[in-house]
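This report describes a single protein chain, from its strands to its helices and selected residues. Please consult the sequence and the coordinates alongside the text.

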Amino acid sequence: MIAHIQGKLVEKTPTEVVIDCNGVGYHINISLHTYSLLPNADFVKLFTHLMVKEDSHSLYGFVEKSEREIFKMLLSVSGIGASIARTMLSSLEPKQIIQALASGDVVTIQSIKGIGSKTAQRAILDLKDKVLKIYDLDEVSMSQSNTNRDEALSALEVLGFVRKTSEKIVDKVINQNPDATVEIIIKQALKNL
């Protein structure tokens, strides 16, 4: 119903903004991801989603259209309401949510406050096919190696290696062997550090 709102940013907190649009102040709920992307300018444009309930009308705003689409997808899952969907988008980057859904990563989804194992499994079951159809498969397949990459980098940091140096070598190892386990990545990286 209300596709977007643009106007003067009057108030801004990590969870909500007020945008003055021709003398009318719209109260809009936002995620931390949107908060971090808000420009410092007075004039802003947010893509919105209107939630109509029996006792309230709530506007949710997003800097990126893609984040709004993910929000709508999350709302389609039984057990995930607007507040939990907003919490998900505040806890994880939209790309991380897409990757977790596409790769069936229950642990990542479950790590979000307010989501139990059943809801996480239901979200993956309901949205995995949709996510795979909409988003690039290469990005999704990278998620599994990204998890291994992150674990390997953390381990190397604990061992005392500088992260920036480690990243270059770990990326090189993953490019040469995309299916490498965390142990293999670490061993190969240690040989090159």
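Which residue is the bridge partner of K8 in β4? The bridge partner of K8 in β4 is F43. The sections below place this pair in its setting.

## Overall architecture

The model is predicted. Its chain contains nine helices and five strands, and along the sequence these elements follow the pattern β-β-β-α-β-β-α-α-α-α-α-α-α-α. Taken along the principal axes, the C-alpha atoms fill a box of roughly 65 × 40 × 25 Å.

The chain has 193 residues, of which 37% are buried. Among contacts between residues at least 6 apart in sequence, 49% join residues at least 24 apart.

## The barrel

Five strands close into a barrel, in the order β1-β2-β3-β5-β4, with mixed pairing. From one strand to the next, the twist averages 55 degrees.

A hairpin through four residues leads from β4 to β5.

## Packing of α2 and α3

Helix α2 (residues 65-75) also packs against helix α3 (residues 82-91), with the axes 9 Å apart and at an angle of about 135 degrees. Because of this angle, α2 is oblique to α3. The crossing of α2 past α3 is right-handed.

On the α2 side, the contact is made by E67, I70, F71, L74 and L75. On the α3 side, A82, A85, R86, M88 and L89 take part. By class, the contact comprises eight nonpolar residues, two charged residues and no polar ones. In general, an α-helix has 3.6 residues a turn, so residues three or four places apart point the same way.

## Packing of α4 and α6

From α4, the residues I98, A100, L101 and A102 meet A123, I124, L127, K128, V131 and L132 of α6. The contact of α4 with α6 holds nine nonpolar residues, one charged residue and no polar residue.

Helix α4 is mostly covered, with seven of its 10 residues buried. The buried positions are P94, I97, I98, Q99, A100, L101 and A102. Just after α4, G104 adopts a positive phi of about 70 degrees.

## Selected residues

Residue T119 lies in helix α6. Its relative accessibility is 15%, so T119 counts as buried, the cut-off for that class being under 20%. Leaving aside residues up to four places away in sequence, T119 touches G79 and I80.

Residue N22 belongs to the loop between β2 (16-21) and β3 (24-29). Is N22 buried or exposed? With a relative accessible area of 78%, N22 is exposed, because exposed means over 50%. The backbone of N22 has a positive phi of about 55 degrees, although the residue is not a glycine. Most residues other than glycine have a negative phi.

Notes:
Residues are numbered from 1 along each chain as its sequence is written. This is a predicted model: local features need pLDDT of at least 70, side-chain atom pairs count only at pLDDT 80 or more; totals for chains, interfaces and linings use all residues. Side-chain values use heavy atoms; hydrogens and water are left out. Contact means heavy atoms within 4.5 Å. Helices (H or I, at least four residues) and strands (E, at least two) are DSSP runs, numbered from the N terminus. Ala, Val, Leu, Ile, Met, Phe, Trp, Tyr, Cys and Pro count as nonpolar, Asp, Glu, Lys and Arg as charged, and the others, Gly among them, as polar. Axes are lines fitted to C-alpha atoms, for helices over the stretch in contact, and angles run from 0 to 180 degrees between N-to-C directions. Angles under 35 degrees count as roughly parallel, over 145 as roughly antiparallel, 65 to 115 as roughly perpendicular and the rest as oblique. A crossing is left-handed if the near helix is turned anticlockwise from the far one by less than a right angle, and right-handed if clockwise. Two strands pair if DSSP finds at least two bridges between them. Buried means under 20% relative accessible area, exposed over 50%, partly exposed in between (1.4 Å probe, protein chains only).
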